[in-house]
Amino acid sequence: MTAEIDPFHAISVSRLAHALKAEGRSILHMEFGQPSTGAPRAAIETAHRVLDTDGMGYWESPALKARLARHYDETYGVKVDPEQFIITCGASPALVLALTSSFSPGDRVALARPGYVAYRNTLKALHLVPLEIPCGPETRFQLTAAALEALDPAPDGVIIASPANPTGTLIAAEELAAIAKVCRERGIRIISDEIYHGLSYVEPARSILEFEPAALVISSFSKYFSMAGWRLGWLLVPAEHQRRARAFVGNLFLTAPSLSQHVGLTALDCREELDGHVEVYRRNRALLLKTLPGLGLNDIAPPDGAFYIYANIAHLTDDSLAFCKALLRDTGVASAPGIDFDPVEGRHFIRISFAVSTPEVEEALARMTPWFAAASALEQSRAGAPV
């Protein structure tokens, strides 16, 4: 039977945003998790050169894999063989590859709720069983070793993400170590989505490979490296899993674009420019955390990393999708509804991306301030409270 999966509701919000823009409206795109900046300048120069000199074709860059191996050594103190890297067309195929090469239909895979919409839907599409664990403020919206220990029977796998989407929360090093220990003892395969590494504001993100070398790691050039449109990522697999994973990737996806691999290799050495983007996000984060409580958004997940604000709007609505569309129509500010990330409690949340310029954040706040004040006054009036 064909799997039934849920739509990605932020896409419908974005579609409405583009329709309004076509009508001449000023739109601030804060609905998707993608940088508003492009690839680093030196990487673009590499693209121009390669286009003139390389006919390209099916190819996996040995130089890129070697440079990624050095990156893991320098960043995490983890030594991996370059052949453990499988270059993919972004993190989404890496997720599909990790799941198809690791599990069989009917296997149960645990994940945090809230969490990235595609985890749940990709699991369902592959006839795997998503085992969503409700995670709230008491665990900083993250899975814990205790939660995995309590599952009976043990799941076949678990997906973790630190920093996480939509909350931006990190898993502390000691908790990662505890998760790794529980998974080893219970035979749970770990898939760690580390796509937001490099985007941390309180402490550096730690890789699961520091604690569990047998884990599979998903990452990408889309976020920190500002290369979303280039569709380039990787799956890092343990040595014993290489042959199986490569058999799957060769048949399902062939290779990532040759041009993107050349560009990614250069981007890995463009840290000064890329860290400049992170400083912009840091300012945007501080501005939002300072200003949003004045709009009545006091209940916000701690955005340790990534570039999101996940805010509770239960005092205003129990329909986050309708709320996001109304906010967009009235102010031109596009945001993502929480139901994408949490099919149970997400109706009470919205996600705002701050991967835009600081002037755009300032403009969004200027537009939203009177709108939220009016929305709060309306709800108080409906409840019979004095306004």
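**Close-up views of a predicted protein chain**

**View 1. The whole chain, its surface and its fold.** The protein chain exposes about 16,100 Å², of which carbon and sulfur atoms supply 55%. The model shown here and in every view below is predicted. The protein chain holds 12 helices and 12 strands, and its radius of gyration of 21 Å is close to the 21 Å that the globule rule gives for 387 residues, so the chain is as compact as a globular protein of that length. The C-alpha trace spans about 65 × 55 × 45 Å along its principal axes, and 54% of the 387 residues count as buried. Among the contacts with a separation of 6 or more, 75% are made by residues 24 or more positions apart. The mean positions of the 35 positive and 44 negative charges lie 2 Å apart.

View 2. Tyr310 belongs to strand β9 (residues 308–312) and Phe349 to strand β12 (residues 349–353), so the pair ties together parts that are 39 residues apart in sequence. Tyr310 counts as buried at 1% relative accessibility, and Phe349 likewise counts as buried, at 11%. The rings of Trp371 and Phe372, by contrast, have planes at 75° and centres 5.3 Å apart, so this pair is edge-to-face; both Trp371 and Phe372 are buried.

**View 3. An aromatic cluster.** One aromatic cluster is formed by Tyr72, Tyr76, Phe85, Phe221, Tyr224, Phe225 and Trp234.

View 4. Ala355 lies in the loop between β12 and α12 (358–382) and counts as buried at 1% relative accessibility. Although Ala355 and Gly33 are 322 residues apart in sequence, their C-alpha atoms are 7.2 Å apart in space. With neighbours within four places in sequence left aside, Ala355 is in contact with Gln34, Pro35, Ser36, Tyr281 and Phe307. Ser335 sits in the loop between β10 (333–334) and β11 (336–337) and, at 1% relative accessibility, counts as buried. With neighbours within four places again left aside, the contacts of Ser335 include Val13, Met30, Glu31 and Cys324, and also Ile350, Arg351 and Ile352.

View 5. Most peptide bonds are trans, and most residues other than glycine have a negative phi. The peptide bond from Arg113 to Pro114 is cis, with omega near 15°, and Pro114 is found in the loop between β3 (108–113) and α5 (117–125). Another cis peptide bond, with omega about 20°, joins Asn165 and Pro166, where Pro166 is part of the loop between β5 (157–161) and α7 (173–186). Arg140, which is not a glycine, has a positive phi of about 55°; its place is in the loop between β4 (129–134) and α6 (145–150), and Arg140 is partly exposed with a relative accessible area of 32%. Leu254, also not a glycine, has a positive phi of about 60°, lies in the loop between α8 (242–252) and α9 (258–267), and counts as partly exposed at 43% relative accessibility.

Key. Residues numbered from 1 in each chain as written. Predicted model: local features only at pLDDT ≥ 70, side-chain atom pairs only at ≥ 80, totals over all residues. Heavy atoms only, no water. Helix = DSSP H or I, 4+ residues; strand = E, 2+ residues; numbered from the N terminus. Rg over C-alpha atoms; globule rule 2.2 N^0.38 Å. Buried < 20%, exposed > 50% of the residue type's maximum accessible area, 1.4 Å probe, protein only. Contact = heavy atoms within 4.5 Å. Areas by Shrake-Rupley, 256 points an atom, 1.4 Å probe, with all protein chains shown as cover. Lys, Arg positive; Asp, Glu negative; His and termini not counted. Charge placed at Lys NZ, Arg CZ, Asp CG, Glu CD. Phe/Tyr/Trp six-rings, centres within 6.5 Å; stacked < 30°, edge-to-face > 60°.
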